[in-house]
Amino acid sequence: MTLVDINSLEPLADPLEQAKRAAAYMAVDQNVPKDAKFVGIGSGSTVVYAAERIGQLPNKDQFICIPTSFQSKQLIFDNDLKFGTIDQYLNVDITFDGADEVDSRLNCIKGGGACLFQEKLVASCSKKLVIIADYRKKSPRYLAENWRKGIPIEVVPIAWIKVKNDLINFGARSVQLRQGGTQKAGPVVTDNGNFIMDADFGVIDGDIKVLNDKIRGLVGVVETGLFVDMVEKAYFGNKDGSVTILFGENVEETI
Ligand SMILES: O=C(CO)[C@H](O)[C@H](O)COP(=O)(O)O
């Protein structure tokens with residue numbers, strides 16, 4: 001079975017979906033190692049296309065896919081991929097994941113879909129983390145320039161008020177306990193049984209590592225959605241069908 005050329009695919013009706021698919025397909029085509037044994041599958045709407053493309057790879061039965069959420073476990077099953085978990089396989093060759101914003105140094109904010117803990121766990125066990133996203137996620141420079149909902153933080157439920165106070169003492173302008181919306185009365189509960197707090201620190205133009213370490217050090221915090229120095233490259237699908245690949249600080253190429 002050979003892989004269908006990206007350029008010969010039927011365009012999608014929605015240009016945003018088209019941009020996500022272009023980024024995801026190109027990232028998969030260019031990055032899955034020929035001898036891959038373990039591939040991490042991130043979460044979110046862009047990763048749907050990555051799982052789809054991975055499911056089309058001629059060598060897909062050669063590697064095991066590791067999920068980062070309930071959603072991505074289903075994507076692995078839906079695309080007829082081999083399944084394993086991070087507590088079975090600790091050495092992941094490569095992980096593909098989405099992001100809410102990526103800065104010019106490849107740091108990112110994740111957790112818009114509340115899956116940040118398992119995403120960071122799998123990323124931390126991966127030789128390479130490749131981000132796939134549409135053009136809205138590419139920051140002009142600093143994190144939180146585009147993503148204005150705050151830094152997602154996973155918190156043990158009983159500690160949420162204590163963590164909220166701590167974050168405000170650290171300078172957060174606002175801290176929200178993420179709500180389930182019309183489909184769920186009360187807060188979002190993560191795949192790990194925790195809450196998500198969204199803390200707005202404004203544009204992150206200071207030392208992102210220091211901020212991340214401070215938040216992570218709080219009793220009650222499980223993990224943050226700040227991914228610092230973890231990403232190898234990022235693919236952004238553009239409105240015109242092209243894809244911009246960010247390789248390092250302000251080093252990029254558009255194909
Ligand atoms: O971090 C995430 C989930 O926790 C997602 O990867 C992030 O929110 C991007 O999602 P999408 O591809 O739908 O824009």
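I started with one residue pair in this predicted model. Val155 stands opposite Val221, which belongs to strand 11.

**Strand 8 and its partners**

I widened the view to the pairing behind that contact. Strand 8 and strand 11 (residues 221-224) run antiparallel and share three bridges. Next I looked up strand 10 (residues 195-200). Five bridges tie strand 10 to strand 8, again in the antiparallel sense. Here I noted Ile153, which stands opposite Met197 of strand 10.

Then I asked how many residues of strand 8 are buried. In strand 8 (residues 151-155), five of five are. I checked the two faces separately. One side carries Ile151, Ile153 and Val155, and the other carries Pro152 and Glu154. Both faces are covered, with every one of these residues buried. I marked Glu154 in my list, as a charged residue that is buried in this strand.

**The sheet 5-6-12**

I moved on to another sheet. Three strands make an open sheet in the order 5-6-12, with antiparallel pairing. Which strands stand at the edges? They are strand 5 (101-102) and strand 12 (226-227). Each has a single partner strand, so one side of each lacks a neighbour in the sheet. I noted the general rule as well: strands of a sheet pair through backbone hydrogen bonds.

Strand 6 (residues 108-109) joins strand 12 through two bridges. Within that pairing, Ile109 has Leu226 as its bridge partner.

**Helix 3**

I took helix 3 (residues 70-78) next and sorted its residues by burial. Gln71, Ser72, Leu75 and Ile76 are buried. I then looked at the face turned away from them. Phe70, Gln74 and Asp78 are exposed there.

What do the buried residues of helix 3 pack against? I found strand 1 (38-41), helix 2 (47-54), strand 2 (64-67) and strand 3 (82-83). I also checked the backbone after the helix. Asp80 follows helix 3 and has a positive phi, near 55°.

I sorted the shell by residue class.

Definitions and conventions. Residues are numbered from 1 along each chain as its sequence is written. This is a predicted model: local features need pLDDT of at least 70, side-chain atom pairs count only at pLDDT 80 or more; totals for chains, interfaces and linings use all residues. A residue is buried if 20 or more other C-beta atoms lie within 10 Å of its own, exposed if 12 or fewer, and partly exposed in between; C-beta atoms are placed from the backbone. Helices (H or I, at least four residues) and strands (E, at least two) are DSSP runs, numbered from the N terminus. Two strands pair if DSSP finds at least two bridges between them. Two residues are in contact if their C-beta atoms, placed from the backbone, lie within 7 Å.
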